[in-house]
Amino acid sequence: MKRLLVLFFLVIFIFSCTQISEKNIDPNFVFCLYNKDENPTSLLFTESLDDDGRPIFQIPLSSSRIQEREYIYKNGFFYRLSSQTSVFTKYQLQGSSFVLVDSIQLKNRDFETITWKDDDNLIAVCREDAENRTPQARLYQINVAGMKVVKQDTIVLPFANKEYSALHLGLVNIENDDLWLAYSFFKSTGKYGHTTSDTTYYATIKYDSFKLKNIQIETRSTYPGGFNIIQSYSFKDEEGDYYFMTNPGIALGNNPKLPTAIFRKRKGQLLVDQDYMINISRSIGNHAYGIWYVGNGKAIIRNEQKKLYTDFSNFHAVYQFEYRLVDLQSGSIEKIQIPLDKGTQKENVWTDGKYVYFAIDGSNDQHRVWKYDLQTKEISKGLKLPNNTNFIVRMDYLK
């Protein structure tokens, strides 16, 4: 259902590349571009994000607009986890071409959330349909070095009810050999519509045996995380504390009476901290989607402006999205004065510790990276992307 409403990314078959430069290059960044006029969706590589930089080569991913964009980059390899075909694929960039390394056919679809157990092992969790409507999650541990499934099992989760029976798997994390899973339940309200219950559940599960240890109930907000294969909704700070965001707004959970909020789970603790919550919606009057840690107790959020869109039909196409800096200790939220953005579920924020870089689709139809100095708060222009771009779906650092 929700898969049909997001912008799209990657297909299994990789097509020929378009060379922009013939020099021997070593790219530092890659952008996924959703192009106009039915042109191929492309990966665009560059060595620099500065204003005087230029793309060095571009790889079209198909001959027309494509239907998925699940994409993971890790340690020199590109991975694609498809919720449509259930195929997990590994690619490597060689020169200016993608080379298929290997692929695995999985049994399940509807992958929603991932985490890395370590550099060689990816944890991927999806919904598993069951005839008795008992809410079930299916977990895969994939060793990406050997490209094989080394662990898989079904997790039966309690607290389903007749009205809200569809399972949303928002976040997954592993700590001290425990699997921590944040989830909620939703129901369909039409062909594309849905709404989420007013409760979030945090399950702690022994990873070796998949025995359920604890369920914590959260009623301060709902719809934890989002479709986080595409967009960031959690992180760990320098102390190892785990922060995450809920997304009950119209674009994700569609339960806007509850607030978007940031929560915290202390390192080594079993339960989410009930004394900690940053109520984003109360502070800014809108919902937010996506959170990125930029260091020193600060994070970036991307928020809607409900006065600028009509409903979900034009939500992604309106130039409305702002970016704000959140102080995770004080809860203060400060708007960053860069151009308004458009598009939903974008992984387009990166930091080097000094600057935060934002890949923005501006209202003047200019697609550009903007730089924000974390110390001086100065804003400057960065790399300009091709004019035939419609959306910048994501930006990744390759080093």
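**Exercise 1.** Over the ring of which residue does the charged end of Arg 138 sit?

*Solution.* The model is predicted; local features need pLDDT of at least 70, side-chain atom pairs count only at pLDDT 80 or more, and totals for chains, interfaces and linings use all residues. Residues are numbered from 1 along each chain as its sequence is written, and side-chain values use heavy atoms, with hydrogens and water left out.

Step 1. The criterion is that NZ of Lys or CZ of Arg is within 6 Å of the ring centre and within 35 degrees of the ring normal.

Step 2. The charged end of Arg 138 sits over the ring of Tyr 140, 5.9 Å from its centre.

Step 3. Likewise, the charged end of Lys 371 sits over the ring of Tyr 355, at 4.4 Å from the ring centre.

**Exercise 2.** Classify the aromatic pair of Phe 78 and Phe 98, and locate both residues.

*Solution.* Step 1. Rings of Phe, Tyr and Trp (its six-membered ring) pair if their centres lie within 6.5 Å; planes under 30 degrees apart are stacked, over 60 edge-to-face, and the rest tilted.

Step 2. With 4.9 Å centre to centre and 80° between the planes, Phe 78 and Phe 98 are edge-to-face.

Step 3. Phe 78 belongs to strand E6 (residues 77-81) and Phe 98 to strand E8 (residues 97-105), so the pair ties together parts 20 residues apart in sequence. Strands are DSSP runs (E, at least two residues), numbered from the N terminus.

Step 4. Buried means under 20% relative accessible area (1.4 Å probe, protein chains only). Phe 78, at 3%, is buried, and Phe 98, at 14%, is buried.

How values were computed: Helix = DSSP H or I, 4+ residues; strand = E, 2+ residues; numbered from the N terminus. Buried < 20%, exposed > 50% of the residue type's maximum accessible area, 1.4 Å probe, protein only.
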